[in-house]
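Hello,

Here is the structure you will be taking over. My notes on its sheet and helices follow below it.

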Amino acid sequence: MYEGILQFHSQTMDNFNHAADANNKSCSDDDDLRLFESCCGPELVRKILRIKHNDPEVTRLTGFKDDLNEVASRRLGHILGQNTHLEELSIWDWNLDMVGLCAGLQNNRCIMELDIDGIDLRDAEKMSSLAPFLSNNPSLRDIILSKCNIGPDSISILSNALSYSDTLELLHLGNNRFGDVDLHELVRALKRSRKLLWLDFPGCEIGQRGCTSLARLLENHESNLETLNLGDNSIDDDSAIILVDSLVKNTKLKSLHLDGNNGINTSGWSAMLDLVCKRSSINDVMESNHTLYNLGYSSADLMKAVDRTLEVDNANLLRASLEMNETTDKMLVARSKVLWNHARGDLNLGESFIATGTMHRILVWIGDDSNQTNANLIQYHHPRLPKARIDTIRLDSIYRIIRSRPSLCNSEQNMSNDLETCQKLGTTDYRTQVKRKADKMQT
C-alpha cells in the first residue's frame, strides 16, 4: 500500500517538475493542490491558490512552521512573483528552499512588508537570492529579518541591495547577533532612504564600532529616522557617549531604546542627561535636545539602573526632561527645563540678562501653583515631593531672583509694561504677589 502511495507521489512530482520546467503558468490547480497539500495545511493551500489567481481580497500570506520541499518552494516563489495584490508576506520558521523561493519572488512588485523570522540566512547564496527582490520592488516599505543568523557577509549583501531602495520605512534585524561589526556600508545605504523612520537592532551584540557607524546616520541632517532600537546589545559608557554626541543637533529622533545594555553606567547616563537638559547656563538649556523622549523607559530594570547611577534628583530630571520633550510646544519645553534648573540651584535666573518685565512673569510662574502647568514647573519629581517641600523650593527660587535683583520689588516703572500680560495669566494683583514673596523671605 505505502509503496503505491510513494510511487504515485513520485510520479506526481515528476509530472509537476516537467510541467513547471516547460511553462510554470500552465500548471493546473489540481497539480498545485496536490503539490502544496503534501507539505502545507489546508488553509494555507487555499490561500496560495487564491494568490495564484490574483484574488484582490488576499493581501496577506502568513505561514508558521510549514515544510516546503524544493519543488514547492520554487512553485510558491513563481506564484508570488506573478501576483499584483499581495501586500504582506510573513514566513516564520519555515523549512524551505530559500533560493528556490526567491527565484520567482524577485519578480514581485507589490509586496510592501516582508517578515522573515527564524530562517537561516547566514549563507551568502541565500541572502544573494533575496537581494534582487529587496532591490527591485518599488513598493517595499518594511523589511523584518529576525533570528535569521545574519552575519557580516550577509550584512554586506543586504547593504548593497538596500542601496538601490528609496522607499524603505522600517528595517528590523533583531536577534541576529552579528556582533560589534562595522556598519558603515549599511548606514551608507540607509542614508538614501529619506523615508526611513524605524531602525531595529535589538539583541545583535552591537558595541562601540556599531554605534560609531550608526552615529553617522544620526548626524545626517537629511535623515528622518524617529526610532532607533538598540536594546539588549553590548553598549557601554563610551558607546553611549558616541550616540549622545551624534544627537546634539538631531531634531528628528524621538526614541532611542537602550534597555538591556548593562554596560551603561554613570558617565553614559550623565551624558544622556546633559543631552536633554544641559544645566550650566540658560543658553545651554535652551540648546539642549528637545526631541528625544524615549530611552526604553518602559523597562523597570532600566529605571532602576538610571536611579542607581544618577541618584534620585538627577534621575528625576532625566525622566522629567524626556517626558517634557514629548510636548509639541518646544518653547514650553525649554522654559520648563530652565525653571527646573533654577529651582534646583544649578543656575540663577536673577543673574541672567532676562529683561525686568519678563522676570516679573517668571516670578508669577514660580509662585502660582493654581494650575497644573505652573505647578509642574517646580513639581516634576517621582515620587512627588510633599507640598511643604515644594513650597520651600518655590520660596527659595523666588528669593534668589529677588536677592540678585532687589529692584523688582521697588521699581514702579518696571511693573506697568508687564502687568497686562501677567493679568492674562490669572494674576489680579501682580505687584502685591511679588512683594508678599519678598516679605516672606525677609521674615
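An open sheet is formed by 8 strands with parallel pairing, in the order β1-β2-β3-β4-β5-β6-β7-β8. Strands pair here if DSSP finds at least two bridges between them; strands (E, at least two residues) and helices (H or I, at least four) are DSSP runs, numbered from the N terminus. At the edges are β1 (60–64) and β8 (255–257), each of which pairs on one side only. On average, neighbouring strands of this sheet are turned by 5° against each other, direction ignored.

This is a predicted model, in which local features need pLDDT of at least 70, side-chain atom pairs count only at pLDDT 80 or more, and totals for chains, interfaces and linings use all residues. Residues are numbered from 1 along each chain as its sequence is written, and side-chain values use heavy atoms, with hydrogens and water left out.

Within the sheet, strands β6 (residues 198–200) and β7 (residues 227–229) run parallel and are joined by 3 bridges. Trp198 has Thr227 as its bridge partner in β7.

Helix α6 (residues 124–136) lies across β3 (113–117) and β4 (142–146), at about 165° to β3. Angles run from 0 to 180 degrees between N-to-C directions, with axes fitted to C-alpha atoms, for helices over the stretch in contact (heavy atoms within 4.5 Å).

Helices α4 (residues 70–82) and α5 (residues 98–105) pack at about 20°, their axes 6 Å apart. That angle makes α4 roughly parallel to α5 (under 35 degrees; over 145 is roughly antiparallel, 65 to 115 roughly perpendicular, the rest oblique). Among the residues making the contact are Leu76 and Leu80 of α4 and Leu101 and Leu105 of α5.

Regards
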